[in-house]
Amino acid sequence: MIQILIIEDEIPARKKLNRFLEALDSKTEVVAEIDTVVGAIEFLNHTHVDVIFSDIELLDGNAFEIYRRVQVSCPIIFTTAYDQFLMNAFESNGIAYLLKPFSQERFQAAWDKFLLFRNSSYKEHEQLNNLTKLIQQNFKKKVFKKRFSINTHQGIYFIDAENITFFEACESVIFAFDITGKKHLLN
């Protein structure tokens, strides 16, 4: 069940959104219809929804005040009569901008975009979790050799890793250079 919040101060616009939502193939539930900035902030501070349909100019102010004051993690489909807020919309989790009066086709395109976003974000979230686990595994405290053994015709001796300035590989043979510049053949 896809949970939806409608933030809209015009009753005919709310009715139109509900009518379009009822016509969808998806199982949806409108959990609240809110007509003020204050009401939306109060609601979003306590409730999570899957998608928000948001007008911009509300009874008590501009809807972007909501998104400045509340961390919203779901996509927002903006429904407004004003085109000057287009750029702001996409800075606030906006995935679509329906300019009133919008058609059923435009609504459906925005809904399809939401569904695409929802499906891909689930896969991306799963991939992100896997990537996070992989990074954590690779950043576990690594244990490095503290000393290396050196075989010479005089016997075996050890050189501490902190006394090695660099290694050199040459034709599958590895040499360690110590702090005095002496070259050592490693096993």
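Visitor: Where is Pro 101 found, and what makes something a helix or a strand here?
Guide: Pro 101 is in the loop between strand 7 (94-99) and helix 5 (104-138). Helices are DSSP runs of H or I with at least four residues, strands are runs of E with at least two, and both are numbered from the N terminus. By that definition, the chain has 5 helices and 12 strands. Keep in mind that this is a predicted model: local features need pLDDT of at least 70, side-chain atom pairs count only at pLDDT 80 or more, and totals for chains, interfaces and linings use all residues. Residues are numbered from 1 along each chain as its sequence is written, and side-chain values use heavy atoms, with hydrogens and water left out.

Visitor: What is the peptide bond from Lys 100 to Pro 101, cis or trans?
Guide: Cis, with omega near -5°. Most peptide bonds are trans.

Visitor: How do you know that strand 1 and strand 2 pair?
Guide: Two strands pair if DSSP finds at least two bridges between them. Strand 1 (residues 2-7) and strand 2 (residues 28-34) are joined by 6 bridges, so they pair, and they run parallel. Gln 3, for one, stands opposite Glu 29 in strand 2.

Visitor: Why is the crossover between strand 1 and strand 2 called right-handed?
Guide: Point the strands away from you: if the path from the first strand over the helix to the second runs clockwise, the crossover is right-handed. Here the chain goes from strand 1 through helix 1 (residues 11-22) to strand 2, and this β-α-β crossover is right-handed.

Visitor: What about strand 8 and strand 9: parallel or antiparallel?
Guide: Antiparallel: strand 8 (residues 147-152) pairs with strand 9 (residues 155-160) over 6 bridges. A hairpin of 2 residues joins them, and Phe 148 stands opposite Ile 159 in strand 9.

Visitor: Why is Glu 171 called exposed?
Guide: Exposed means over 50% relative accessible area, buried means under 20%, and partly exposed is in between (1.4 Å probe, protein chains only). Glu 171 has 75%, so it counts as exposed. Ser 172, at 80%, is exposed too. Both Glu 171 and Ser 172 sit in the loop between strand 10 (164-170) and strand 11 (173-178). Phi is positive in each: near 50° for Glu 171 and near 65° for Ser 172. Most residues other than glycine have a negative phi.

Visitor: What makes a group of residues a nonpolar core?
Guide: The residues must be buried Ala, Val, Leu, Ile, Met, Phe, Trp, Tyr or Cys, joined through side-chain atoms within 4.5 Å. The largest such core has 25 residues, of which Leu 5, Ile 52, Ile 66 and Tyr 67 touch the most other members. Helix 2 gives the most to this core, with 5 residues. A second, separate core of 18 residues includes Leu 21, Phe 102, Phe 107 and Trp 111. In soluble globular proteins, nonpolar side chains tend to be buried together.
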